[in-house]
Amino acid sequence: MEQLEDIRRKALELFERKKYTLRKHTMGRMSQRGIYLNDIKLVLLHGSFYNKEVDSFGDIRYAMRGWDHNREDIRVVFVIKENLIIITVIREEENV
């Protein structure tokens, strides 16, 4: 079983190599919320894991909490396959 720090390193490596997928809905919501790609990197670098679950497709979905460029709390939810699939990025005060 992979340790969470291994997951963090792999997610960050994929992100830095631009091997990630943002769903159209995710990009639109990030724009509405004033969240940028660099904010995702901040969470991957400095955030903490708070949830791990198996989704309806059988993939492990990870959730991390961290902060954005304004030091506001955000959450990033992602899956790792052959690339990093970013499912959602949301401000902490919002409910998912």
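**Salt bridges in a predicted model**

Good morning. Helices here are DSSP runs of H or I with at least four residues, strands are runs of E with at least two, and both are numbered from the N terminus. The model is a predicted one, in which local features need pLDDT of at least 70 and side-chain atom pairs count only at pLDDT 80 or more, while totals for chains, interfaces and linings use all residues. Residues are numbered from 1 along each chain as its sequence is written, and side-chain values use heavy atoms, with hydrogens and water left out.

The side chains of Asp6 and Arg9 form a salt bridge, with N to O at 2.5 Å. The term denotes a side-chain nitrogen of Lys or Arg within 4 Å of a carboxyl oxygen of Asp or Glu. Asp6 is partly exposed, at 32% relative accessible area; buried means under 20%, exposed over 50%, and partly exposed in between, with a 1.4 Å probe and protein chains only.

How many salt bridges does the structure hold? There are 10. Another of them joins Arg17 to Glu13, at 3.0 Å from N to O. Arg17 is partly exposed at 48%, and Glu13 is partly exposed at 42%.

I turn next to Arg91 and Glu72, whose closest N and O atoms are 3.5 Å apart in a salt bridge. Arg91 belongs to strand β5 (residues 84–91) and Glu72 to the loop between β3 (60–67) and β4 (73–80), so this pair ties together parts 19 residues apart in sequence. Arg91 is buried, at 8%, whereas Glu72 is partly exposed, at 35%.
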